[in-house]
Amino acid sequence: MVLLKLKFPFQKRVRLAQGLWLLSWVAMFSGAITFAMGVFLKTELHRRSEVMHSMDIHIVPNLLMAVGLASVGINICAGKVCQDSLDPSRFPRWKTFLPPFFFLSVFVSSLLLVAMILSFALQPSLEESLKIGLKNGIRFYKDTDTPGRCFQKETIDRLQIEFQCCGNTNYRDWFEVQWVSSRYLDFTSKEVKDRVKSNIDGRYLMDGVPFSCCNPSSPRPCIQNSLLDNAAHYDYEYQTEELNLHKRGCRQALVSYYMGLMNTIGPCVLLFFLLQMSILVSLRYLQTAMEGVLGEENLEIETEGYILEKGVKETLLETKEKIMKLLQFAQVGDASAETPGTESEEKPATA
């Protein structure tokens with residue numbers, strides 16, 4: 001049973017070929033845009049790689065870049081097919097090329113949907129990666145003299161200023177780590193000695209945050225030290241007063257930023273997928289309609305176009321049989337390649 005059969009007079013075939021040629025160029029530019037979106041997302045993720053524990057989320061921009069480039073090539077070929085379909089003498093050369101072309105094109109186009117689904121499915125992985133990465137970044141903030149970590153302080157400070165955030169979850173994360181390097185501590189001071197001795201790890205902990213946590217829109221000069229000591233500041237009560245620090249944690253800020261990017265990219269990818277599939281379906285109609293013209297003297301006859309020559313079930317079974325035959329042929333070829341070698345090894349033994 002032929003699936004989705006349509007009649008195509010000569011003028012309708014011509015209009016279909018011309019319209020598809022134009023759409024293929026539009027889809028080619030959409031492929032270039034998809035590649036550009038992948039590059040942009042990859043760049044933004046790479047910029048924050050120092051505060052990410054894993055790189056699982058990078059599969060999304062990698063897919064977008066690969067599919068974008070493949071889409072450009074696919075649509076250039078589709079445009080060429082549409083152009084040659086207007087000349088029945090040049091169209092037959094595409095007959096053997098088009099079946100694998102359709103299979104490859106559908107596979108590549110489906111990767112667009114995979115990328116869109118993964119961009120939402122990997123949100124928990126992104127959040128966990130940022131949670132661990134930011135925790136380590138805050139812990140290594142003080143290590144400005146340690147090779148491999150010397151730029152960690154600058155990275156965290158720039159991050160907190162750019163995204164207007166503080167700490168991993170909130171500003172209190174800075175209370176749990178020693179974020180001032182020991183080289184800048186006066187160990188002859190009684191205050192420093194008392195703070196170091198006050199915890200079993202021997203760390204200099206304090207209720208303070210780096211300058212980058214300060215909110216510049218606050219009318220009060222920034223209070224970044226002794227945040228939990230009401231007596232240390234005039235007219236200050238940290239339990240009730242709104243602190244002049246950024247309230248949002250950097251993990252929440254980064255997740256919101258990246259998910260915002262993906263929420264913008266997602267609808268564009270879906271639109272490009274629908275455009276690409278409509279081109280492939282129309283190109284399939286054009287191919288089958290043009291095959292009815294081959295061998296005919298009158299090139300302006302009405303022909304039939306369809307998506308599948310048989311039903312979906314029959315087509316799947318036929319495809320499965322072809323694949324099994326190819327696999328059996330490959331196994332026979334491997335066996336025949338090994339046979340001459342074994343025979344040559346046995347001949348000296350019989351002599």
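Of the 351 residues in the chain, 38% are buried, where buried means under 20% relative accessible area, exposed over 50%, and partly exposed in between (1.4 Å probe, protein chains only). This is a predicted model, in which local features need pLDDT of at least 70 and side-chain atom pairs count only at pLDDT 80 or more, while totals for chains, interfaces and linings use all residues. Residues are numbered from 1 along each chain as its sequence is written, and side-chain values use heavy atoms, with hydrogens and water left out.

**Whole chain**

Start with a cartoon view. The chain has eight helices and two strands, in the order β-α-α-α-α-α-α-α-β-α along the sequence. Helices (H or I, at least four residues) and strands (E, at least two) are DSSP runs, numbered from the N terminus.

**Helix α4**

Select residues 123–139, which form helix α4. With 17 residues at 1.5 Å a residue, α4 should span 24 Å, and its end C-alpha atoms are 24 Å apart, which agrees. The expected span is 1.5 Å times one less than the number of residues.

Which residues of α4 are buried? They are L126, S129, L130, G133, L134, G137 and I138. Seen down the axis of α4, these buried residues fall within an arc of 150°, so they line one face of the helix; the arc is that of the directions from the helix axis to the C-beta atoms. An α-helix has 3.6 residues a turn, so residues three or four places apart point the same way. On the other side of α4, P124 and K135 are exposed. Now show α5 (152–163) and α7 (250–291), which are among what covers the buried residues of α4.

**Salt bridges**

The structure holds 13 salt bridges, each being a side-chain nitrogen of Lys or Arg within 4 Å of a carboxyl oxygen of Asp or Glu. Select R47 and E162, whose side chains meet in one of them (3.7 Å, N to O). This pair links distant parts of the chain, with R47 in helix α1 and E162 in helix α5, 115 residues apart. R47 is partly exposed at 43% relative accessibility, and E162 is partly exposed at 44%.

D157 is buried, with a relative accessible area of 5%, whereas K153 is partly exposed at 31%.

Select W21, L22, L23, W25, V26 and F29, which make a nonpolar surface patch of about 590 Å². Patches are made of residues with over 30% relative accessible area and no salt bridge; like charges are joined within 9 Å, and nonpolar side chains (Val, Leu, Ile, Met, Phe, Trp, Tyr) within 5 Å. Accessible areas come from the Shrake-Rupley method with a 1.4 Å probe, and for residues only the protein chains shown count as cover. W21 is in helix α1.

Next, select H58, in the loop between α1 (10–47) and α2 (59–85). Is H58 buried or exposed? H58 is buried, with a relative accessible area of 7%. Leaving aside neighbours within four places in sequence, H58 is in contact with K42, L45 and H46, contact meaning heavy atoms within 4.5 Å.

**Last stop**

Finish at S226, in the loop between α6 and α7. Phi of S226 is near 50°, a positive value in a residue other than glycine.
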